[in-house]
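Look it over, then read on.

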Amino acid sequence: MAGTARSAGTAKGASSATTARTTVLGQNQYGKAENRVVRVVREGTTHHIKDLSVSIALSGDLEDVHYHGSNAHVLPTDTTKNTVYAFAREHGVDSAEEFGILLARHFVTSQEPIHRARIRIEEYAWERIATADPGGPAHSFVRKGQETRFCEVTHDGERWRIVSGLQGLTVLNSTHSEFHGYIKDRYTTLKEAYDRILATDVSARWRYRWDADDDGPAPDWDTAWDRARTHLLRAFAETYSRSLQQTLYGMGTRVIEGDDLIDEIRLSLPNNHHFLVDLEPFGLSNDHEVYLAADRPYGLIEATVLRDGAEALIPADPLDL
């Protein structure tokens, strides 16, 4: 397995006395990142598209390529790229999660040296452009300017971990938010707020309690993702917030309580500050009407919400997945 420390042999033509190693190989992986693939399905004059960015990371018995430069256990990254496009043609893309499961299973089961595959997918949403003729061709789309959907599928030959999520979902409450009663010291200048704007760009990752090898049908991943997104939005809108931390916990709780398959959710919420503008120099009042939207610096609130008894498996840093 990758990352297992073991004795490294001597380089060809060198004596063991001059090649004694002072280091050993730790965790390692390789693959092809950000393979952009657009899959078009044509149903007469009506077309459907899936727009993905697929990143592949493989690990396993790869010590020799690091220690000695032997590529005998290396599947070229160009091959992994080609596999993405071939699978898109052969299997289609029903959902990002299902496509990731197909790829992860393929790399682990078809390549003996590969013990673990991680497939990370971002999906970019498009919506149809309405035309004057409702019965006319439906093949024109406009890119949605909202959040990016993503998933990550990890498989080691026995266990699966399927994490879905979204990032860049911008939301705002123009009232029903407060912030007061906090610690104050000699450096505190922030005034307490009893009616403020609460705005954030939601980044969320949730983990499904599901094994791809279990009997029975797979979840409808698109429906499950839509359901989680809806719970996030409704909880944000319906929570009277006394802190962004409280709102975060309410959002995570709503997602877990709304789907029996989700055991864990990790949320990252920047506090996109809106400050009341002082209009008194101009002889004007400002009763929570005019704000300065500041893009930085910003508060950053992050936490994991778990179903009672569940294990925390989503790392705090998304790059560690």
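## Salt bridges and a helix

This is a predicted model. K50, E97, E123, R149 and D222 are linked in a network of salt bridges.

Q: How many salt bridges does the structure hold?
A: One network joins K50, E97, E123, R149 and D222. Counted over the structure, the salt bridges number 19.

Q: About how many helical turns separate K81 and D78?
A: Their side chains meet in a salt bridge, 2.9 Å from N to O. Both residues sit in helix α2 (residues 77–91), three residues apart. The separation is therefore about one helical turn.

Q: In the salt bridge of R307 and D263, is D263 buried or exposed?
A: The side chains of R307 and D263 meet at 3.0 Å, N to O. The pair links distant parts of the chain, 44 residues apart: R307 lies in the segment after β12 (299–306), D263 in strand β9. R307 is partly exposed at 24% relative accessible area. D263 has 8%, under the 20% cut-off, so D263 is buried.

Q: Where on helix α4 do its buried residues lie?
A: Helix α4 (residues 221–238) has 18 residues. Its buried residues include W221, W225, L232 and F236. Seen down the axis, the buried residues of α4 fall within an arc of 155 degrees, so they line one face of the helix.

Q: Which exposed residues does the face of α4 turned away from its buried side carry?
A: The buried side of α4 is covered by elements including α3 (96–110), β8 (198–208) and α5 (244–257). The face turned away carries the exposed residues A237 and E238.

Definitions and conventions
Residues numbered from 1 in each chain as written. Predicted model: local features only at pLDDT ≥ 70, side-chain atom pairs only at ≥ 80, totals over all residues. Heavy atoms only, no water. Helix = DSSP H or I, 4+ residues; strand = E, 2+ residues; numbered from the N terminus. Expected span 1.5 Å × (residues − 1). Buried < 20%, exposed > 50% of the residue type's maximum accessible area, 1.4 Å probe, protein only. Arc of directions from axis to C-beta. Contact = heavy atoms within 4.5 Å. Salt bridge = Lys/Arg side-chain N within 4 Å of Asp/Glu carboxyl O.
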